[in-house]
Amino acid sequence: MLDVIKNRRSIRSYIDKSVEENKIIEILKSAMQAPSSKNSQPWEFVIVDDKEILSQLSKVQHRAKHIKEAPICIAVLGNKNRFLKAGKWMQDLGASTENLLLEATNQGLASCWTGVFPKNKVVNKVKITLDLPGNLVPYALISIGYTNEENEYIDRFDKKKVHRNRFKNT
Ligand SMILES: Cc1cc2nc3c(=O)[nH]c(=O)nc-3n(C[C@H](O)[C@H](O)[C@H](O)COP(=O)(O)O)c2cc1C
């Protein structure tokens, strides 16, 4: 298993240290390197480092409080102008978001995925907070920063979830 896969955990507390610009670029490069349906690349990103906007984002839903503690948050957005068939873009953005998280780990940073899409209420709050044009749909908010917390590896492999040739409930 890749070390970054083992070491990535959702970390919700950050120390007061800013994230270097070159690391943010590497993270975004990785996010944009993800596979996407027919190579549609239906994503856009907003880097948020303004304390007031971070505070507003931390209130968009009850499990977003950690965003206020982070030096940056990257909003992952879907671009409707690049959407193909219904549902495909969500898979594309999932792949991109996971790349983003893994690269953050690779850069020695802690991160946490905050869910936005498909909850309309949360989607609308993020749209207003980030002043988004109508073609952009907020998908996820990723808080990123340095931490003092240890990333504990938990082995989640479960043989019972693996089947060969046909599904068998054993
Ligand atoms: C689609 C999605 C939405 C999530 N939403 C939130 C969230 O709103 N707030 C939060 O603190 N964690 C959120 N998480 C993180 C999960 O709680 C976390 O990934 C899960 O508990 C497994 O822990 P790990 O990431 O440390 O391996 C989300 C993860 C995913 C994939």
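UniProt positions are given here in the numbering used for this chain, with feature names shortened, and its annotations may be inferred rather than shown by experiment. With that in mind, the unreviewed UniProt entry lists "domain: Nitroreductase" for residues 5-63. Residues are numbered from 1 along each chain as its sequence is written. What you're looking at is a predicted model, where local features need pLDDT of at least 70, side-chain atom pairs count only at pLDDT 80 or more, and totals for chains, interfaces and linings use all residues.

Start with the overall fold. The chain has 5 helices and 4 strands, counted as DSSP runs (H or I, at least four residues, for helices; E, at least two, for strands). Walk from the N terminus and you pass α-α-β-α-β-α-β-α-β. The stretch 5-63 is 37% helix and 10% strand, with its end C-alpha atoms 23 Å apart.

Now the ligand. Around it sit R8, R9, S10, R12, Q61, R63, H66, C112, W113, T114, G115 and R156, each with a heavy atom within 4 Å of it. Polar contacts here are pairs of N or O atoms within 3.5 Å. The S10 side chain puts an N or O atom 2.6 Å from a ligand oxygen, and a polar side-chain atom of R156 is 2.8 Å from a ligand oxygen.

How values were computed:
Heavy atoms only, no water. Polar contact = N/O pair within 3.5 Å; in protein donor to acceptor, adjacent residues only side chain to side chain.
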